[in-house]
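Look at the structure first, then read on.

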Amino acid sequence: MGAIDFAKLPHIGESLLRKEDYRFLTGAGQYTDDIVLANMRQAVFVRSPHAHARIISIDKTAALAAPGVVGVFDGEDVAADKIGGLPCGWLITDTQGQPMKEPPHPILAHGKARYVGDHVVMVVAETLEQAKNAAELVVVDYEALPAVVDVRDAMQPTATALHDAAPGNHCYKWSIGDQGAVDAAFANAAHVTKIDLINNRLVPNPMEPRAVIGSYNRAGDDYTLYVSNQNPHVERLLLTAFVMGLPEHKVRVIAPDVGGGFGAKIYLYAEDVCLTWAAKKLNCAIKWNCDRSEAFLCDAHGRDHVTHAEMALDKDGHFLAFKVHTDANLGAYLSTFSTAVPTILYATLLAGQYKTPQVYVEVDSWFTNTAPVDAYRGAGRPEATYLLERIVSRAAWETGLSQDEIRRRNFITEFPYQTPVALQYDTGDFPACLDKANQLADIAGLPARKAASAAKGLVRGVGYSSYIEACGLAPSNIAGALGARAGLFECGEVRVHPTGSVTVFTGSHSHGQGHETTFAQVVASRLGMDPSMVDIVHGDTGRVPFGMGTYGSRSISVGGAAIMRALDKIEAKAKKIAAHLMETGDADVEFANGEFTVKGTDKKVTFGQVALTAYVPHNYPLDKLEPGLNETAFYDPTNFTYPAGTHICEVEIDPNTGVVRVDRFTAVDDFGTIINPMIVEGQVHGGLVQGIGQALMEHCVYDRETGQLVTGSFMDYTMPRADDFPDFTLGHVCTPCTTNPLGTKGCGEAGAIGSPPAVINAVLDALAPLGVKDLDMPASPNRVWTAIQSAKK
Ligand code: MCN
């Protein structure tokens, strides 16, 4: 759009209320479970009660004879129909140039079950009750095998292997950076700071659990899959091309209203395929609703890293080199994007905001008898930030610098900046974020607050985290070179109606992010109309031309940019129509505020007049121009976007109980141009709650002996609640992204990425006078109290 300053357009930067909230808040949303199709049956899955077991036999006789049952299927049935296993979308090449180990991932266990909750049998019946009753009649004879759930156990030579195709449970060893240069820098270091830490496993827990309806239409020999999913076109591509061997036009995937995903609904899951496959066999529609207990067992989990790292510093506290070894738990099978998380999305972020000249990262990934692990809000970047920001604060404490000063001394201040781990940051202002955070957090008043806490017998501390993330995923060519088996562009179609209103079809998917509002703001501001005139359609392969979906905080920066491209085409064609109407050349026509004018004259036509002319082409240059005003564009970014910021957490701890109270939390973020500040704040709030939840409460625990999931419900897995948090203080710094036409950087994950180390650094700062030097997440009262007691000994 040439010289127009996008950020100054009307509606950009306006906190419009979310258009979609009327239907959500009045109970008028339509989620997958709200959809009722004719001839619809219900499915229930019989899941493995063992973490690791050989399946000796399955007796389906009684279940098949139970009332209402129309089908009972197991792994033999799947194999007989030659339905493929679930594919992994990211190929990691190991340090020896060999492909990662990719064992089969059957949709129903075949021969072996590999985690508690693994899908063994699917029962389909007329009603849910009948399906549940029949499921109890399925008799599976298992031979239990030893299980490993922790990477430190999985890597032992004596550990039982999960897969024949992955000896020693090893999936790959991968590295990035110059190991020799790092070693040389360490040899000259004045100080080396070391850390060992665990990034705790999490269960995503979106408000709406997964839900699927697979339906088959005999008339057209085609399928419709309704699924609570974040990327319907990717789901269709994987399902048709990689698993069922169907042409894509035979399957329509609809992801209607989706009640949150946080990454867990990116993937093609076994249930999605089972229902689609069985719908044809039974010539019907089949619904499956994941109940909350099943979600704990078999939604893809997040995080689960064990890491040792060392930072070399010179005598003035400048970072010389950083070396890292991480063991990542991939779970029992490779989920769709699992392999990219501890590698590409993690190690490339380990330069952080710092001009550390050399960084070397080595990652070993392992199979264990646990649910598959994949991207969960932040995906790799929270793990990187947690590691780096923990070691940076520790280095500060060891060298006698403040947490603020050590960061300031090492900040990158010139852009573009090429890191030693592949990424090139286009822009940013890290000192400005730190300054603003210090000011908003009232760091000057901290000593007085510490004294007040001490007077009450409490300890108080402050923790810093200066994060950067790569989002707006991503240039397809770079992703491809790094192993992606898909492109990472986005598609947008702008359909101008004869009356001048607009429908936009986007490949992004909104499941809580407010796209129906912010995308409408973008279009309305470009076309000079009210956002109520713009309708956003997403989540349906039958209506949207194509799409790569929503994850990696990519929607506004990639999906929005695709729409901007389509708008460029709309504007170019509309100018031609306007030129004809005003009897001038296109080059003389200007467009602003919804009006086309001729330079140097008072001639003008409105966007509405042009739209009507395009569809009622009575006075129209039909020899030169097609009627209609409908354009589609694909946009592939040339770089990631790099949101960054500083988060400061202040905690007060009761040493007698170990209870940590977050007293203040300040987040200053740089998201470039902001379309809707209210929505962005909501995104940051949600992310902070998830990040602070990880730091203080959430932990998915498997029993190390039996492999049973110990935290299988909200009674055992602590989800944070609103009254666990103070009001958050938010601030912004704006350095517009230089590589997309909107200047935006993603905001959807920043809170979850920046906050965990701020919290743990604050806890450690508070506990330092008590002699506590280390603590893993979550800093639960029990852990904190135990650490205080241990330090006393
Ligand atoms: N936005 C803006 N200005 C910016 C950046 C973003 O106004 N500079 C707006 C966008 O237009 C959009 C929202 O903020 O309405 C988030 O935009 P973006 O950062 O592009 O992120 P995505 O829309 O791609 O959302 C994905 C991101 C991820 S990766 C996870 S995980 C996540 C998240 O968003 N899951 C969510 N936020 C969530 N929010 C809800 N309610 N539910 C989830 O499952």
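## A buried glutamate

A polar contact here is a pair of N or O atoms within 3.5 Å; within protein, one atom must be able to donate a hydrogen and the other to accept it. The model is predicted. Which side chains make such contacts with the side chain of E516? One is R23, at 2.8 Å. Another is H538, at 3.2 Å.

E516 belongs to helix α15, which spans residues 515-527. Its relative accessibility is 12%, so E516 counts as buried. The cut-off for buried is under 20%. Neighbours within four places in sequence aside, E516 is in contact with K19, E20, R23, I536 and H538.

## Aromatic pairs

How many aromatic pairs does a search of the whole structure find? The count is 23. Take F45 and W288. Their ring centres are 5.8 Å apart and their planes stand at 85°, so this pair is edge-to-face. The cut-off for that class is over 60 degrees. F45 sits in strand β1 (residues 40-47) and W288 in strand β12 (residues 285-289), so the pair ties together parts 243 residues apart in sequence. Both F45 and W288 are buried.

Ring pairs also build a cluster. Its members are F319, Y354, F411, F415 and F430.

## Charges over rings

The charged end of R210 sits over the ring of Y269, 3.5 Å from the ring centre. For K323, the ring is that of F186, and the charged end sits over it at 4.4 Å from the centre.

## The ligand site

The ligand is surrounded by 32 residues. Closest are G261, Q513, H515, Q683 and C747.

Where do backbone atoms come in? Q513 has a backbone N or O atom 2.6 Å from a ligand oxygen atom. A polar backbone atom of C747 lies 2.6 Å from an oxygen atom of the ligand. At H511, a backbone N or O atom is 3.3 Å from a ligand nitrogen atom. On its own, the ligand has 830 Å² of accessible area, and the protein covers 95% of that.

The largest share comes from α18, with three residues. Helix α15 is also where E516 lies.

Notes:
Residues numbered from 1 in each chain as written. Predicted model: local features only at pLDDT ≥ 70, side-chain atom pairs only at ≥ 80, totals over all residues. Heavy atoms only, no water. Helix = DSSP H or I, 4+ residues; strand = E, 2+ residues; numbered from the N terminus. Buried < 20%, exposed > 50% of the residue type's maximum accessible area, 1.4 Å probe, protein only. Contact = heavy atoms within 4.5 Å. Phe/Tyr/Trp six-rings, centres within 6.5 Å; stacked < 30°, edge-to-face > 60°. Lys NZ or Arg CZ within 6 Å of the ring centre and 35° of its normal. Near = heavy atom within 4 Å. Areas by Shrake-Rupley, 256 points an atom, 1.4 Å probe, with all protein chains shown as cover.
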